[in-house]
Amino acid sequence: MRTSAVTARLAGLGGAKWSVHLKARELVKAGADIVEMTIGEPDVPVPASLIETTVHSLHAARTGYSNGRGEEGLLDALAERYSLRRGRSFKSENILCFPGTQTALFAVMAGVAEAGDEVLVGDPMYATYEGVVRASGADMVPVPLRPEHGFRLQAEDIAKRITPRSRAILLTTPHNPTGAILTAQEIAEIGQLAIAHDLWIITDEVYEDLVFEGSQFVSPLAYTEFADRVIGVSSISKSHAAPGFRSGWCVGPSDFCEALLPYSETLLFGNQPFIADMTEKAIRDGSEVASGMAKRFAGRASLLADRLGADTELVVHRPEAGMFALIDVANTGLDGEAYAWRLLQAGVAVMPGSAFGDSLKNWVRVALTISDDDFATAITRIVDHANNIPREVA
């Protein structure tokens, strides 16, 4: 069977990273008592008002073809949102709508990179990033995110890896899986690098509305001095607890969006009007669930850090935003992969850090999105497991 080169480039980037999660699901289906902390989904249902808007639009026959850019009402709502939040003017021509952040990122990457190019990405990273970069034909260049810098990407570390083949820097702020938020100074320094080397900055901001109290989000889209080279991607999946609606967008220079429009039309031929109507309402009204999620996730992260810090040798990195926390398991004598499989035997499923990049070899990622009761059970099991790892291992 003959397949194209892209299938070879993406080989090995799928299910292998999720093997612990998939095994946990298999065990749960067979009746095992497993607390799943692998996948990050909102811990609340889609707000009723958004469901009602969707149903109303369906009954109003908002089921025909859309256009490649997006529905006018949604484009206007997004332009107003970004103008207000970023402090500079955005219009509908600065935006393209897509089915979720993932599709938006896939299209944007295809618009800035191709075979022979390089894209610089912070390591650790969201699990699909390598595939998105490779699908474009470009090579991914990991840039270590160091714990001593709070896992925030540093311009000096990027600079060491820039070559004549470099075309873009992919940022995630707030970050998955670390929960780190880039500071204004760090973004400014990365922006100056992009100017000096004629690089695009792609910024994934899907966790923007899940920032914990005491932390502050700053967007690269707010900087006028390098606005002509920044493209943002986001969605309502996290902020409005609506992942299944697959409604996202990219926002950037109008010339770029115009150039990418034929690609979008070729890929999708427009999104769904009834989902666009729901998304417009979500954007105009703001989220009624984001602040509650942020408060609960922050509280669970603090509980995890305090309990494990007091009762085990495990070390928790405290996130500033998002749905996850990281645990350094090096003191157990196990790497993250081995630890995750052993912990699964104790009734808790977590993601090995290596699924997100080589720099998390000795870490695991845990989701903060399960109920408080399940979270308390998981912590008890993690503590008991940590204090009963065989001495020859630890």
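**View 1. Strands β3 and β5 at the lining of the largest cavity.** In this predicted model, strands β3 (118–123) and β5 (166–172) each supply at least two residues of the lining of the largest cavity, and β5 gives the most, with three residues. Strands (E, at least two residues) and helices (H or I, at least four) are DSSP runs, numbered from the N terminus. A cavity is a set of points on a 1 Å grid over the protein atoms alone where a 1.4 Å probe fits but cannot get out, and lining residues have an atom within 4 Å of a point.

**View 2. The centre of the largest cavity.** About 110 Å³ of space lies in this cavity, and of the 17 residues that line it, L145, L153, L171, T172 and H175 are the closest to its centre. A volume is the space filled by probe spheres set on the points, which are joined across faces, edges and corners.

**View 3. The largest pocket.** A pocket is an open set of points with protein on both sides within 12 Å along at least five of seven lines. The largest pocket has a volume of about 450 Å³, and among its 23 lining residues G40, Y126, N176, Y207 and K238 are the closest to its centre. Helix α5 (residues 100–112) provides the largest share of this lining, three residues.

**View 4. The second largest pocket.** This pocket holds about 150 Å³ of space and is lined by 13 residues, of which K17, E130, S354, G357 and D358 lie nearest its centre.

**Notes to the views.** Residues are numbered from 1 along each chain as its sequence is written. Local features need pLDDT of at least 70 and side-chain atom pairs count only at pLDDT 80 or more, while totals for chains, interfaces and linings use all residues, and side-chain values use heavy atoms, with hydrogens and water left out.
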